[in-house]
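User: I would like to learn how to read pockets in a protein model. Where do we start?

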Amino acid sequence: MSDNQRPVSRFPIPERLDDLPQDIRERIEKVAEKTGFIPNVFLALAHRPDEFRAFFAYHDALMERPSNLSKAEKEMIVVATSAANDCLYCVVAHGAILRIRSKNPRLATQIAANYRRAEITLRQRAMIDYALKVALDSARIDESDWQPLYDHGFTQEDIWEIGAIAAFFAMSNRLANMSALRPNDEFYTLGQ
């Protein structure tokens with residue numbers, strides 16, 4: 001069975017958008033209008049409306065707010081930590097967003113494969129180093145992990161943001177993996 005013939009998720013997805021609560025339907029329609037398709041994560045979460053709302057509220061609070069991290073840098077964190085967590089959906093989906101936001105069609109693949117050899121700055125490498133520690137070994141974080149970030153001009157607020165993005169997507173990775181969430185075919189070519 002080819003990937004695009006696999007179900008979107010192991011769990012139910014809505015058969016019709018009209019059956020969804022109005023706020024969720026409007027959010028999905030807005031995304032579809034902007035992108036030209038409905039990302040499967042929206043469909044996968046739609047069957048649990050309260051969780052859908054909470055998930056996307058926190059996602060937006062992290063990924064859309066103005067900060068000292070660029071939107072491309074935030075996506076670098078997502079791609080690197082999602083690769084470390086073996087989350088195909090998030091690597092593919094956020095890799096597409098990273099290609100668009102960085103205007104570099106190679107960057108997402110480089111970061112997913114080996115961010116240490118990617119076309120990034122030393123500042124961005126320190127950011128990803130810390131994000132990966134949050135994603136994979138958070139119990140061992142201490143203030144010494146912050147010094148490289150301070151050395152590259154990150155503030156305490158930036159450090160929180162890096163960690164919060166890594167932690168949020170660790171949860172997202174696990175939901176996507178548990179549900180066998182299939183990446184949309186459209187993601188593979190976006191930003192190429």
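Analyst: Start with the term. A pocket is an open set of grid points where a 1.4 Å probe fits, with protein on both sides within 12 Å along at least five of seven lines. Rolling a probe the size of a water molecule over the atoms shows where empty space is left. Keep in mind that this model is predicted.

User: How much space lies in the largest pocket?

Analyst: About 780 Å³. Its lining has 28 residues, and Val31, Thr35, Phe42, His59 and Ile97 are the closest to the centre.

User: How does the lining of the largest pocket divide by class?

Analyst: Count 17 nonpolar, seven charged and four polar residues.

User: Now the second largest pocket. How much space does it hold, and which residues lie nearest its centre?

Analyst: This pocket holds about 220 Å³. It is lined by 16 residues. Nearest the centre lie Ala44, Leu45, Leu175, Met178 and Ser179.

User: Which elements give two or more residues to the lining of the second largest pocket?

Analyst: Helix 2, helix 3 and helix 9 do. The largest share, four residues, comes from helix 9.

User: And what classes make up the lining of the second largest pocket?

Analyst: Ten residues are nonpolar, four are polar and two are charged.

Notes
Residues numbered from 1 in each chain as written. Predicted model: local features only at pLDDT ≥ 70, side-chain atom pairs only at ≥ 80, totals over all residues. Heavy atoms only, no water. 1 Å grid on protein atoms, 1.4 Å probe; cavity = no way out; pocket = protein on both sides within 12 Å on 5 of 7 lines; lining within 4 Å. Points joined across faces, edges and corners; volume = space filled by probe spheres on them. Nonpolar A, V, L, I, M, F, W, Y, C, P; charged D, E, K, R; others polar.
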